[in-house]
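Let us walk through a protein model step by step. Keep the sequence and the 3D view side by side.

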Amino acid sequence: MCLLGAGVAWLAAQVLTGVSALLIAIVFGALWRNLVTVPSVLSPGVGFAAKRLLRAGIVLLGLELSLSAVLDLGAGVLLVVVVSVAVTFFVTMWVGKLMGVGLAQRILIATGSSICGAAAVAAAEGATKAKSDEVATAVSLVVLYGTLMIPLVPFLGGLFGLPDESIGMWIGASTHEVAQVVAAGGAVGSGALAVAVTVKLSRVITLAPIIAGISLYMRRQGSETGAQKPPLVPLFVVGFIASMLIRTAGILPESLLADLHIVQTLLLAAAMFALGLGVHIPSLIRVGVKPLFLGLISTIVILTVALIGTLAFGAF
């Protein structure tokens with residue numbers, strides 16, 4: 001059922017230019033969850049899609065990343081990417097602790113805001129053993145704030161008088177979802193779009209070390225509490241790195257990469273559909289306003305840090 005939902009979302013994305021199949025899949029799943037009863041017989045398949053299919057999709061996501069293209073951005077741009085991700089992640093964790101937000105919830109929000117949106121949230125879920133409502137909350141927040149960034153960042157970039165490529169750098173270094181980056185960069189121009197996507201994909205590379213770091217931290221927490229420890233380095237992270245190295249080596253033909261891109265999109269969309277089925281609005285309301293404000297603060301932090309970096313290193 002989740003794969004069927006992914007297929008419908010993918011077809012809808014071919015018609016709705018600039019809208020991601022992943023975001024459409026989340027919306028479809030959430031609408032079903034809140035408008036119609038979801039049969040309990042689907043629960044095992046939904047769980048499989050949310051975890052196994054997600055991890056397979058993340059492994060294939062590595063094929064989108066060529067280390068040579070990322071390195072061509074230059075040391076200054078890569079420094080901006082690393083600092084934007086690191087500052088956003090740790091400031092979100094710190095502020096979330098001050099606000100009294102639970103550990104798993106703030107890890108999910110920090111990961112989604114700093115790296116690559118819903119896919120990063122879902123990847124971190126396995127390491128944190130978060131509850132379904134915490135995952136749904138974090139996914140909802142990155143979708144909400146990332147969507148608001150689509151018109152906001154190009155508008156502010158033009159207001160500040162930045163050249164198109166610098167606006168693209170700011171978009172790629174700050175906007176949550178890859179699809180949101182494509183939509184925002186495309187609204188500025190082809191030059192901005194090319195820079196934005198490359199910068200964004202360089203942020204995606206940080207998924208591997210951050211998820212490994214979260215797993216290590218949660219293992220230590222588990223040793224103190226006696227809980228079951230997550231793996232030190234999740235297997236899908238190893239697969240993600242391997243795929244990235246394969247793409248960098250250039251051993252796969254472009255036609256095959258194009259086909260695998262579709263497979264990757266369908267797998268991630270199926271996982272997002274499954275996550276959408278966990279977005280229960282009454283439950284989100286009961287979560288309270290603290291995660292909502294934490295997501296907003298996290299978004300403002302990455303926008304600010306990425307802008308400072310763009311002004312310092314974005315003279316294309």
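Start with two helices, α9 and α11. Their crossing is right-handed; a crossing is right-handed if the near helix is turned clockwise from the far one by less than a right angle, and left-handed if anticlockwise. The residues in this contact divide into seven nonpolar, four polar and four charged. Here Ala, Val, Leu, Ile, Met, Phe, Trp, Tyr, Cys and Pro count as nonpolar, Asp, Glu, Lys and Arg as charged, and the others, Gly among them, as polar.

Before going further, know what you are looking at. This is a predicted model, in which local features need pLDDT of at least 70, side-chain atom pairs count only at pLDDT 80 or more, and totals for chains, interfaces and linings use all residues. Residues are numbered from 1 along each chain as its sequence is written, and side-chain values use heavy atoms, with hydrogens and water left out. Helices are DSSP runs (H or I, at least four residues), numbered from the N terminus.

How is a helix pair described? Two packed helices are described by the angle between their axes and the distance between the axes. The axes are lines fitted to C-alpha atoms over the stretch in contact, and angles run from 0 to 180 degrees between N-to-C directions.

Helix α9 covers residues 164-174 and helix α11 covers residues 190-205. They pack at an angle of about 30°, with their axes 7 Å apart. The two helices are therefore roughly parallel to each other (angles under 35 degrees count as roughly parallel, over 145 as roughly antiparallel, 65 to 115 as roughly perpendicular and the rest as oblique). On the α9 side, the contact includes G168, M169 and I171. On the α11 side, V195, A196 and V199 are among the partners. Contact means heavy atoms within 4.5 Å.

Now move to helix α7 (residues 118-128) and helix α8 (residues 132-159). Their axes come within 9 Å and cross at roughly 160°. The pair is therefore roughly antiparallel. This crossing is right-handed. A118, V121 and E125 of α7 meet V135, A138, V139 and V142 of α8. Those residues divide into six nonpolar, no polar and one charged.

Next, pick out single residues. Is Q105 buried or exposed? Q105 has 4% relative accessibility, so it counts as buried (buried means under 20% relative accessible area, exposed over 50%, partly exposed in between, with a 1.4 Å probe and protein chains only). Q105 sits in helix α6 (residues 103-116). Leaving aside its neighbours within four places in sequence, Q105 contacts E134, T137, A138, V287 and P291.

G5 belongs to helix α1 (residues 2-15). It is buried, at 9% relative accessibility. Beyond its neighbours within four places in sequence, G5 is in contact with F28 and F273.

T206 lies in the loop between α11 and α12. This residue is buried too, at 14%. T206 touches V85 and I115, not counting residues up to four places away in sequence.

S140, in helix α8, is partly exposed at 26% relative accessibility. S140 and A30 are 110 residues apart along the chain, yet their C-alpha atoms are separated by 9.8 Å.

Finish with confidence. The protein averages a pLDDT of 85, and 94% of the residues score at least 70. That score is the predictor's confidence in each residue, from 0 to 100. Over residues 223-227, pLDDT stays under 50. Where pLDDT is low, the predicted coordinates should not be read in detail.
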